[in-house]
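This briefing goes through a single protein model by topic.

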Amino acid sequence: MAKRRSPTDDVHYVAAADPIRVLLCDDAEGFRALMRVSLADDPTIEIVGEAADGVAGVEATAELQPDVVLLDMSMPRMGGLQAIPKMRRRAPRTSIIGLSSLSAARMAAPSKEIGAHSYLEKGTELAAIRAAIHDAAAR
């Protein structure tokens with residue numbers, strides 16, 4: 001007699017994809033806290049570390065090898081334009097998103113020329129920041 005099949009016999013479960021690992025690099029503690037709390041609502045994004053200046057950001061990028069770095073362009077000890085090439089060398093698979101109060105008209109092109117995936121101005125809607133993180137991680 002043939003074995004009776006269950007409706008779930010042909011169902012295959014696929015494990016959920018790993019979350020996008022993000023490093024926050026900004027000298028403003030309040031901004032890092034805002035990003036940390038705001039991005040925590042997205043189960044596909046995990047904050048894996050934070051850095052308060054460019055030097056610490058480069059070190060954290062090398063150590064953590066995040067998928068994406070949200071990088072402020074104006075920080076003590078090393079700004080974003082100096083940090084981007086160092087991060088790219090030490091974590092070549094990491095995408096970098098410049099995120100700063102400096103205008104995109106002024107900073108987007110120079111940031112991308114040296115290796116940033118994209119550039120956003122602070123004040124950009126959270127949905128657009130999340131979309132940029134997903135876009136950067138997909139590259």
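## Briefing on the predicted model

Ser118 is located in strand 5.

- Ser118 has a relative accessible area of 14%, and because the limit for buried is under 20%, Ser118 counts as buried.
- Leaving out residues up to four places away in sequence, Ser118 touches Ile96, Ile97, Gly98, Lys112 and Ala132.

**Helix 4**

- Helix 4 spans residues 104-113, and its buried residues are Met107, Ala108 and Ser111.
- The packing partners of the buried residues of helix 4 are helix 3 (80-90) and strand 5 (118-121).
- Gly115 follows helix 4 and has a positive phi, near 125°.

**Salt bridges**

- The structure has 8 salt bridges.
- Four residues, Glu29, Arg32, Arg36 and Glu50, are joined in a network of salt bridges.
- Within helix 1 (residues 29-40), Glu29 and Arg32 are 3 residues apart, about one turn of the helix, and their side chains form a salt bridge with an N to O distance of 2.5 Å.
- A salt bridge also joins Glu29 to Arg36, with the closest N and O atoms 3.4 Å apart.
- Arg32 and Glu50 meet through their side chains in a salt bridge at 3.0 Å, N to O.
- That pair links distant parts of the chain, as Arg32 is in helix 1 and Glu50 is in strand 2 (residues 45-51), 18 residues apart.
- Arg32 is buried, at 9% relative accessibility.
- Glu29 is partly exposed, with a relative accessible area of 42%.
- Arg36 is partly exposed at 31% relative accessibility, and Glu50 is partly exposed at 31% as well.

**Rings**

- Lys122 sits over the face of Phe31, at 4.3 Å from the ring centre.
- The number of aromatic pairs in the model is 0.

**Nonpolar cores**

- The largest nonpolar core contains 19 residues, and Cys25, Val69, Leu71 and Met87 have the most contacts inside it.
- At least two residues of this core come from each of strand 1 (20-25), helix 2 (54-64), strand 3 (68-71), helix 3 and helix 4.
- The most residues are given by helix 3, which supplies 3 to this core.
- Setting aside neighbours within four places in sequence, Val69 is in contact with Leu23, Cys25, Thr61, Met87, Thr94, Ser95, Ile96 and Ile97.
- Another core of 16 residues lies apart from the largest one, and Ile20, Met35, Ile129 and Ile133 are among its members.

Key: Residues numbered from 1 in each chain as written. Predicted model: local features only at pLDDT ≥ 70, side-chain atom pairs only at ≥ 80, totals over all residues. Heavy atoms only, no water. Buried < 20%, exposed > 50% of the residue type's maximum accessible area, 1.4 Å probe, protein only. Helix = DSSP H or I, 4+ residues; strand = E, 2+ residues; numbered from the N terminus. Contact = heavy atoms within 4.5 Å. Phe/Tyr/Trp six-rings, centres within 6.5 Å; stacked < 30°, edge-to-face > 60°. Lys NZ or Arg CZ within 6 Å of the ring centre and 35° of its normal. Core = buried A, V, L, I, M, F, W, Y, C linked by side-chain atoms within 4.5 Å.
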